[in-house]
Amino acid sequence: MSAADAVLSGGRTRTMTDPVTVQPTRDQLRALADKATPGPWETWDCMPTRPHDFAVVLFGGERNLPAVYITDWCVAGPDAEFIAASRTAVPQLLDQLDAAEQRIRDLTQEVRDERGAALDQMEQVRIRDARIKAVRDVLEAAYDDQVSFYDIRRALEG
């Protein structure tokens, strides 16, 4: 079982009925990237006179390290370039995704905090409005000589 298969299958042996393609989770992709030969990787066209006859992905940019040979003459060059670029791009994209999700969490918390503060302010406005109404009611009653200084003071204090 390859390291990729072990990570993607959770260590269990794949059977003939398992799907051919598995969509790895972010953690599985990160584990695969962490276990891979360090990058950057590069491509090397072995036969420059017959481009894309086959290509090689060189691990770590050194020709004496293990390599992947791609022999399909139609796609060797583009596939090799994709594989080589993926070694650096996948961890970078995972880091960007982690950073974006952390930013979303931070902004969500800020919105919650600001909403709470706004609700507190709205409650304070409601309390002030109630006091203003009480004072207005007392003052209107004062015009009819039905209120004392004590009533006005009680209304102002809420």
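In which helix is Val90 found? Val90 is found in helix α3, residues 76-143, where helices (H or I, at least four residues) are DSSP runs numbered from the N terminus. The model shown in these views is predicted, so that local features need pLDDT of at least 70 and side-chain atom pairs count only at pLDDT 80 or more, while totals for chains, interfaces and linings use all residues. Residues are numbered from 1 along each chain as its sequence is written, and side-chain values use heavy atoms, with hydrogens and water left out.

**View 1. Val90 and Arg30.** The C-alpha atoms of these two residues are separated by 8.2 Å, although Val90 and Arg30 are 60 residues apart along the chain. Val90 is partly exposed, with a relative accessible area of 27% (buried means under 20%, exposed over 50%, partly exposed in between, with a 1.4 Å probe and protein chains only).

**View 2. Arg26 and its partners Asp98 and Glu101.** The side chains of Arg26 and Asp98 meet in a salt bridge at 2.8 Å, N to O, a term for a side-chain nitrogen of Lys or Arg within 4 Å of a carboxyl oxygen of Asp or Glu. Because Arg26 lies in helix α2 (residues 26-35) and Asp98 in helix α3, this pair ties together parts that are 72 residues apart in sequence. Arg26 also forms a salt bridge with Glu101, at 2.7 Å. A network of salt bridges links Arg26, Arg30, Asp95, Asp98 and Glu101.

**View 3. Glu123 and Arg126 within helix α3.** The closest N and O atoms of this salt bridge are 2.6 Å apart, and the two residues are 3 residues apart, about one turn of the helix.
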